[in-house]
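Hi,

Here is the structure I promised to pass on. Have a look at it first, and then read on for what turned up.

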Amino acid sequence: MGRLENKVALITGSGSGIGKEIASAYAKEGAKVVIADFAEEAMNNTVSELTDAGHEAIGVKVNVAVNAEVEHMIDEAIEKFGRVDILINNAGVGDNMQAAANVQDDTWDRVMSINLNGVMYTMRKIIPHFQDNGGGTIINMASITGLTGGRGGLAYTAVKHAVVGMTKNVASHYGSQNIRCNAIAPAQVQTGFATSMDNIDSFGMEAATRGTNLIPRAGTVADIANIALFFATEDSAYVNGVTLAADAGWSAY
Ligand SMILES: NC(=O)c1ccc[n+]([C@@H]2O[C@H](COP(=O)([O-])OP(=O)(O)OC[C@H]3O[C@@H](n4cnc5c(N)ncnc54)[C@H](O)[C@@H]3O)[C@@H](O)[C@H]2O)c1
């Protein structure tokens with residue numbers, strides 16, 4: 001029997017990258033998974049791969065920056081699978097490494113609306129459902145930039161620090177109601193994330209990557225999915241409000 005048998009997991013940004021690997025890892029452990037992404041083709045492909053392999057999966061197209069779409073996504077998941085037990089706030093975008101003096105308003109707004117507002121919208125909507133169900137688990141995808149100062153642009157660093165703070169806040173407020181909220185802080189993971197950024201700020205890039213030669217190795221999506229599995233199961237029952245650095249010790253230096 002899988003470790004997530006009879007559980008329903010909703011994973012944002014799971015059409016590709018880290019989110020896709022988490023969805024696959026959860027499905028292999030018996031979870032029913034909701035693939036939520038605004039890239040429709042990638043979303044549909046992921047759903048097909050999972051259902052072809054005999055797993056239960058549905059796709060819901062969503063832009064997590066739009067509250068009405070987030071509400072629809074969660075309603076749809078509950079309607080199709082009856083409940084949601086695990087929410088992974090994984091969808092996120094980069095900030096083109098813009099240093100403070102070079103921040104562009106549209107970049108700032110985009111990063112805040114997806115990486116910050118999106119996380120708040122999903123948590124605001126799911127918590128009452130978890131309360132009705134007697135509990136639930138939230139896993140937020142932070143970043144090592146949420147625990148350190150100089151490894152990203154200003155907006156991305158600010159927003160991932162906010163994700164770490166929201167994780168602690170939710171854990172603290174709702175832990176006694178059997179709701180857990182933890183976060184993962186990856187360093188460098190090989191996905192399409194870096195290539196999704198364009199018009200990179202060269203000053204910000206140079207400043208933010210000064211220490212990358214000290215990362216023992218880049219992470220794989222499986223490295224991160226393994227942590228997401230730990231946070232979703234009872235193996236982590238006594239863990240709440242933590243952000244776990246997934247960086248091979250880079251930030252320990
Ligand atoms: N890759 C890394 O090195 C790295 C490091 C630290 C943290 N992270 C974080 O991990 C998470 C996943 O990153 P990834 O590397 O898998 O990126 P990715 O670009 O490979 O995948 C992100 C997925 O999110 C989706 N998405 C983006 N904006 C969305 C929106 N508004 N609504 C719905 N879906 C949306 C994309 O379509 C894509 O499928 C992000 O939150 C990112 O900040 C990544």
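How are helix 4 and helix 5 oriented to each other: roughly parallel or roughly antiparallel? Keep in mind that this is a predicted model. The axes of helix 4 (residues 105-133) and helix 5 cross at roughly 10° and come within 9 Å. Angles under 35 degrees count as roughly parallel, so helix 4 and helix 5 are roughly parallel to each other. Their crossing is right-handed.

Next, helix 1, which packs with two other helices here. With helix 2 (residues 40-52), the axes cross at roughly 20° and come within 11 Å. Helix 1 and helix 2 are therefore roughly parallel to each other as well, and helix 1 passes helix 2 in a right-handed crossing. With helix 7 (residues 221-232), helix 1 packs at an angle of about 50°, and the two axes are 8 Å apart. That angle makes helix 1 oblique to helix 7. The crossing of helix 1 and helix 7 is right-handed too.

Now for the ligand. There are 27 residues around it, and the ones that come nearest are S16, D37, N90, Y156 and T191. If you sort the shell by residue type, you get 15 nonpolar residues, ten polar ones and two charged ones.

- D37: an N or O atom in its side chain is 2.6 Å from an oxygen atom of the ligand.
- N63: a polar atom of its side chain lies 2.9 Å from a nitrogen atom of the ligand.
- A187: here a polar backbone atom is 3.4 Å from an oxygen atom of the ligand.

And how much of the ligand does the protein bury? Taken alone, the ligand exposes 830 Å², and the protein buries 93% of that.

Cheers

Definitions and conventions
Residues are numbered from 1 along each chain as its sequence is written. This is a predicted model: local features need pLDDT of at least 70, side-chain atom pairs count only at pLDDT 80 or more; totals for chains, interfaces and linings use all residues. Side-chain values use heavy atoms; hydrogens and water are left out. A residue is near a molecule or strand if one of its heavy atoms lies within 4 Å of it. A polar contact is a pair of N or O atoms within 3.5 Å; within protein, one must be able to donate a hydrogen and the other to accept it, and residues adjacent in sequence count only if both atoms are side-chain atoms. Accessible areas come from the Shrake-Rupley method with a 1.4 Å probe; for residues, only the protein chains shown count as cover. Ala, Val, Leu, Ile, Met, Phe, Trp, Tyr, Cys and Pro count as nonpolar, Asp, Glu, Lys and Arg as charged, and the others, Gly among them, as polar. Axes are lines fitted to C-alpha atoms, for helices over the stretch in contact, and angles run from 0 to 180 degrees between N-to-C directions. Helices (H or I, at least four residues) and strands (E, at least two) are DSSP runs, numbered from the N terminus. Angles under 35 degrees count as roughly parallel, over 145 as roughly antiparallel, 65 to 115 as roughly perpendicular and the rest as oblique. A crossing is left-handed if the near helix is turned anticlockwise from the far one by less than a right angle, and right-handed if clockwise.
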